[in-house]
Each structure stands twice: as C-alpha cells, then as structure tokens.
Amino acid sequence: MKKENILVVAIVCIAVAGVFMYNNSKSGSMTGFFPSKVSGKAELSGQNGDGSNIAWQDYNQGMAMAKTQGKHVFLYFHADWCTYCRKLKKTTFKDEAVLSYLRDNFISIAVDTDKNQKLSTQWKVKGLPTLWFLEPDNSKISSIPGYVEKKQFLNILKYIHTKSYSKMTFNEFVKTL
C-alpha cells in the first residue's frame, strides 16, 4: 500500500472517531466512555433509570444485610455501554415474577464496572453482564456470564434460594419443576 493511501485511511479513521465523540458528547451519553474513580455507591436503587423495581443495594451495605437477614446475594456487574446489560434491564429485570422473587428472597447488589473497577477486579469480572450468586455469609456459589432470559433467570433464582445446588445439578433441578 502506498504511503498516501495509508495517510488517507488514517485521516478518515480520525474523522469518524471525532464525529462519534462529538455526537456522543452532545447527547450526554459519554458517561461510561471514560472510566471514573472507584465508588462504593450503587447508582441503581428502587425505581431507577432502568425502570425496574429491584431494590439495588450498595456493595458493603448489601453484603452486611445478607448476613443479618440470612438471604442469598444476587451480585450484578454491569456498565452503561453494555448492550446485554441494557437488554437484561429492559426484559428480565422488568418481569414481575423475577422482581417478586428477588424482592422476597435475595439481597440485590449492582456494581457499575466503570465506576467501581476495584470490585470488578476483585471479583475477576471478564465480560458483562456478570451475575454472581452468594450464600448469606457472602461465600461464592456460582457466577453466570452474559444475558439470561426471564424464565431461565427465575429458575436459577429458585435453584439458588432452595439450596438445590447442594443436592443436584441445575439440569436435574429444572426437570423437577
């Protein structure tokens, strides 16, 4: 390839990137584009921007609540730019059966990986969304990477809540439903 062609390709790429950043900064969607400092706060709570009624807790507060209330923990790692995180919020996290089951049986904790990189590293989050399930004493049960549709997610919640993971595989559990 000639030097002139390489130069043209580089200029076009820079121009496209500039237009993209300009449009995103005008629309206010640059949040999450550049990582920010670590924060211990959960930015999703109660009726939140995603429209769900999940009572998201701060990480430290939620872990303590799980111990005192004897409830399992649902630990949700997400980011604003994550397509499948948005899909989870718009579908699975709006299902009434899922919301009710979470409300009654779990302490739900949301961690924005862009805003809390320390926790993301601690939990070895490699992709988003990542869903962790923990015992009431905060010991790890299992994690699930990626999007989970509402019926499957509800089955997983029941599997964890009933402690069936200590007696059988998930596939065996689903056959009992």
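Which residue caps the N-terminal end of α2? In this predicted model, the cap is provided by Asp58, a side-chain oxygen of which lies 3.3 Å from the backbone nitrogen of Asn60. Helix α2 itself spans residues 59-69, and its buried residues are Tyr59, Gly62, Met63 and Ala66. These residues cover an arc of only 100° around the axis, which puts them on the same side of α2. An α-helix has 3.6 residues a turn, so residues three or four places apart point the same way. The covering of the buried residues of α2 includes the strands β1 (72-78), β2 (106-112) and β3 (130-134), together with helix α5 (117-122), whereas the face turned away from the buried side carries the exposed residues Asn60 and Thr68. Following α2 comes Gly70, with a positive phi near 70°.

Elsewhere in the chain, Ser100 is found in helix α4, which comprises residues 96-105, and is partly exposed, with a relative accessible area of 29%. Although Ser100 and Asn53 are 47 residues apart along the chain, their C-alpha atoms are separated by 9.2 Å.

Thr162 is placed in the loop between α6 (150-161) and α7 (170-176) and is likewise partly exposed, its relative accessible area being 36%. The side chain of Thr162 makes a polar contact of 2.7 Å with the side chain of Ser164, and a polar atom of the Thr162 side chain lies 3.5 Å from the backbone oxygen of Tyr159. When neighbours within four places in sequence are left aside, Thr162 is in contact with Lys167 and Phe173. The C-alpha atoms of Thr162 and Asn105, which are 57 residues apart along the chain, are separated by 9.8 Å.

Methods: Residues are numbered from 1 along each chain as its sequence is written. This is a predicted model: local features need pLDDT of at least 70, side-chain atom pairs count only at pLDDT 80 or more; totals for chains, interfaces and linings use all residues. Side-chain values use heavy atoms; hydrogens and water are left out. Buried means under 20% relative accessible area, exposed over 50%, partly exposed in between (1.4 Å probe, protein chains only). Helices (H or I, at least four residues) and strands (E, at least two) are DSSP runs, numbered from the N terminus. The arc is that of the directions from the helix axis to the C-beta atoms. Contact means heavy atoms within 4.5 Å. A polar contact is a pair of N or O atoms within 3.5 Å; within protein, one must be able to donate a hydrogen and the other to accept it, and residues adjacent in sequence count only if both atoms are side-chain atoms.
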